[in-house]
Amino acid sequence: MKPERWVPALSITLALLAWEALVHWARIPHYTLPAPSRVLATVWTDFGSLWPAWWFTLRLTLGALVLATLGGVLLAAAFALSRVLELALLPFAVVLQVTPLVAIAPLILIYVDSTTAALLLCTWLVAFFPMLANTLAGLRAADRQLHELFTLYGATPWQRLKWLLLPSAVPYLLSGLRICGGLSLIAGVTAEMVAGAAGRETGLASRILEASFRTDTPRMFAALLLLVLTGLALYALLEWAPRRLARRRPAPGSAAGSRPAWFSTSKPVKDTSCN
Amino acid sequence: MNDIELSGISHRYPNGVQALADVSLRIAPGEFVSLLGPSGCGKSTLLRLLAGLETPSDGRVPAPGEGGVGFVFQSPTLLPWSTVRDNVALPLRLAGRARGLSSPQRRARADALLQRVGLAGFEDAWPEELSGGMQMRASLARALVTDPTLLLLDEPFAALDELTRQKMGDDLLTLWREQGCTVLFVTHNVFEAVYLSQRVVVMSARPGRVHAEVAIDAPVLRDHAFRRSPAYLEQCVAVSGTLEAAMSGPAAVTT
């Protein structure tokens, strides 16, 4: 087996074993640091109350991710079509980006009645900008000579966007998606922490807060574990799905299932100035 | 059809580089003319002006005729995410309703062009599956798909090996005879210029201007026999001499 596969698995296993051993030998009370076995047991026993929270967090994350992707791509496309629009709106996007979520969340919670909607808005605010920036960079990365080709044949801005800019932006869009997936989860949890919401329609962050008030450390760890697993699953999905998608195209030449070159790398802009 | 007439064309890039100074040139319909010169002589700029990709700072460039302009870049410049057929059909697709061609008609037209450039059977291939020469052929097919009256080629074969380059040259001549379009071919290769053209325009650099024009005395049908003939070699030597003079001495304009 390749070291890329077994070395990380081994190091994680060893770390968990060391943690387990430390807790047992040093007799650390579970309200200070629960052993991994106890965390797993808590996930099992508390699953009834944890999974609705997990489901809420997941919906919040995916909802924000979808909205951020839609918003980012649409706005970037609009910017690509209209320079004036870009000049007018980009500053607002940057302002939103540099404003810390925890600082703006209380305001949003005041202005927006529905807590769920407020949380979604907070999460979207964080995830949106990387998507916009990445897509914008991708739209601008289109080959210069291809641009000239489109100019030569009198392409309309819409044709240029559809057939040149958006396809060029695909690899950038995918890396934007990977960034946004992680950010959505983090921002969703952060927003919920700030909101301090209680009740049925709340996520894992609220479970962690509640557990911390009761010093129920194992339960905190259990919720944390679910968050980490969700993050990992999200990352793996966004890493794997695009490759899967690319493979549907006919395999070029030699290697079966290899990606078309434009999918993985951006091409350097060729210099055609004056010759 | 009228001659393409350029007179007193000057062009300065925004960065201050004077690319062309007072260039005058007349090209007859159906003529094959090469622009030959060292790099920096503005031959590519002249081509870009004719294509409408740049506007001259001085002088007027005639508007392209009815069929428009076909342009072949230095690199094949194909869309990597489209099949070879879709790439060739792109100009028709961009023209949209203006040309009044349905999608099957565009396909048929693209396939016919691919057949003519020797790429039959590669319609559904991706550009990156083709060799450099084949990509150039696809690029040539795309430039011809709109039936242009003027075909502009910017050192299209510079990146190809010698044998492929000669084969492409022969095929270009065949296409030109069949199509009957005017061809303006930019190159820095003396042998290529003499072999292909009816007239070679030698340019000198800094600023770019026409140094001399050399009419090539050769049959319209050219083949390997011509490539080995003394007449070909003599004219290559003559054009080489003119090019050297253009690169060193002051302009001695002859027409």
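Author: Residues are numbered from 1 along each chain as its sequence is written, and chains are lettered from A in the order in which they are written. In this predicted model, local features need pLDDT of at least 70, side-chain atom pairs count only at pLDDT 80 or more, and totals for chains, interfaces and linings use all residues.

Reader: What makes chain B as compact as a globular protein of its length?

Author: Chain B has eight helices and eight strands, which are DSSP runs (H or I, at least four residues, for helices; E, at least two, for strands) numbered from the N terminus. The radius of gyration, taken over C-alpha atoms, is set against a globule rule of 2.2 Å times the number of residues to the power 0.38. For 255 residues the rule gives 18 Å, and chain B has 18 Å, so it is as compact as a globular protein of that length. Its C-alpha trace spans about 55 × 45 × 35 Å along the principal axes.

Reader: How do you know which strands β3(B) pairs with?

Author: Two strands pair if DSSP finds at least two bridges between them. β3(B) has five bridges to β6(B), residues 182-187, in the parallel sense, with Leu35(B) opposite Val186(B). Four bridges join β3(B) to β7(B), residues 199-204, also in parallel, and here Val33(B) stands opposite Arg199(B).

Reader: What makes β4 and β8 of chain B edge strands?

Author: The open, mixed sheet runs β4-β5-β6-β3-β7-β8 in chain B. Strands β4 (69-72) and β8 (209-215) each pair on one side only.

Reader: What makes a set of residues a nonpolar core, and which members of the largest one touch the most others?

Author: Such a core is a set of buried Ala, Val, Leu, Ile, Met, Phe, Trp, Tyr and Cys residues joined through C-beta atoms within 7 Å. The largest has 135 residues, and Ala127(A), Ala141(B), Leu152(B) and Val202(B) touch the most other members. Helix α8 (residues 157-195) of chain A gives the largest share, 17 residues.

Methods: Buried ≥ 20, exposed ≤ 12 C-beta atoms within 10 Å, placed from the backbone.
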